[in-house]
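Here are my notes on this model. Please read them with the coordinates open.

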Amino acid sequence: MSEHILRVENLSVNFGAVRAVDDVSLTVDSGDVYAVVGESGCGKSTLAYSILGLVPPPGQVSEGRVLLRGQDLADMPAVALNRLRAADVAMVFQAAMNSFNPVLTIGRQVQHILDAHPDHSVDGRAHFTELLELVRLPAEQVWNSYESQLSGGMKQRVAIAVSLLLQPSILVLDEPTTALDVLNQRLIIEILKDLRRSLDVTIIFVTHDLGLVAELASRVAVMYAGRLVEVGSVEEIFAAGRRHPYVEALVGAIPSVYDSEGSARAIPGQVPNLAALPGGCRFAPRCGSAQSICAEVDPPLLADAAGHALACHVVNSGLPVREEVSS
């Protein structure tokens, strides 16, 4: 039986009057590879930061909570929350390749992490050597190198190894392949697959790359303008069946080497300004299937009998089992 290792319940995050994450609920089971997908500006990175209590000022969680194994992170003292980061939930940030101190060797920086967690029972250098081997890097060379001596792809892999140093249960990755060339992207995908098998770590990754989602994810949550619009297994998200029009558009925008030139379809318009959201469904101004109700009433997130949930008046009109999802 899978364990609910992480629950996000009705979470909202505000930056002043702007709500970047709006009433989002997720359940992540132990062993999941959970993808959070959407265009830039949809709130997915803010959601990831919220999981670790790292929303940058002036942002703040205005509603809801994040539960790790049933414990509300908001109730944890600052010292305990700092220990939890890296030791139980670790994050590889979007600018991971720029996150190293340029005047210290990688080995010295790793030692600083170990010194900050003296109660953690791990043979630091030996374990880091094993992790570097898992991410396919020469351990001795990396340990004695400065970040300027590593390529972008190597720095991304070192960042992943560092994030796993204290053996966290959950690894959160924010756009892990965005700044990499195609060959390094492929390498990162294969490494994450290996890490999942070798370390049995639960992975949550934020991305706009549906190709990455198709290769890695077991569960997928799609966000649009701060809200969830669809949640399901990776098979349900990519199946040509019951699917949110935004997800349909995202899938249609994927280029294919097998189709004729121009087969990928651009999504018209842009993600709305969160300070001036349209009425009703937030995707309606860009949706070719929108009806009058879509501009007037915000659609609820409804699940079918299998638990595949989406928020769309048009698609859900034929749903035989209508269960509102707390989101």
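Two strands count as paired if DSSP finds at least two bridges between them. Strands (E, at least two residues) and helices (H or I, at least four) are DSSP runs, numbered from the N terminus.

1. Basis. This is a predicted model: local features need pLDDT of at least 70, side-chain atom pairs count only at pLDDT 80 or more, and totals for chains, interfaces and linings use all residues. Residues are numbered from 1 along each chain as its sequence is written, and side-chain values use heavy atoms, with hydrogens and water left out.

2. Strand 6. Val92 faces Leu173 of strand 7. Strand 6 and strand 7 (residues 170–174) are parallel, with 4 bridges. Strand 6 spans residues 89–92 and is covered on both faces. Val89 and Met91 are buried on one side, Ala90 and Val92 on the other. Buried means under 20% relative accessible area (1.4 Å probe, protein chains only).

3. Strand 1. Strand 1 (residues 4–15) pairs antiparallel with strand 2 (residues 18–29) over 8 bridges. Leu6 lies opposite Val28 there. The two strands form a hairpin with 2 residues between them, and Gly16 in the turn has a positive phi of about 65°. Strand 1 also runs antiparallel to strand 4 (residues 59–68), joined by 8 bridges. Asn14 has Gln60 as its bridge partner in strand 4.

4. Helices 6 and 7. Helix 6 (residues 152–163) packs on helix 7 (residues 182–199) at about 15°, axes 10 Å apart. Axes are lines fitted to C-alpha atoms over the stretch in contact, and angles run from 0 to 180 degrees between N-to-C directions. The pair is therefore roughly parallel, a term for angles under 35 degrees.

Definitions and conventions
Buried means under 20% relative accessible area, exposed over 50%, partly exposed in between (1.4 Å probe, protein chains only). Angles under 35 degrees count as roughly parallel, over 145 as roughly antiparallel, 65 to 115 as roughly perpendicular and the rest as oblique.
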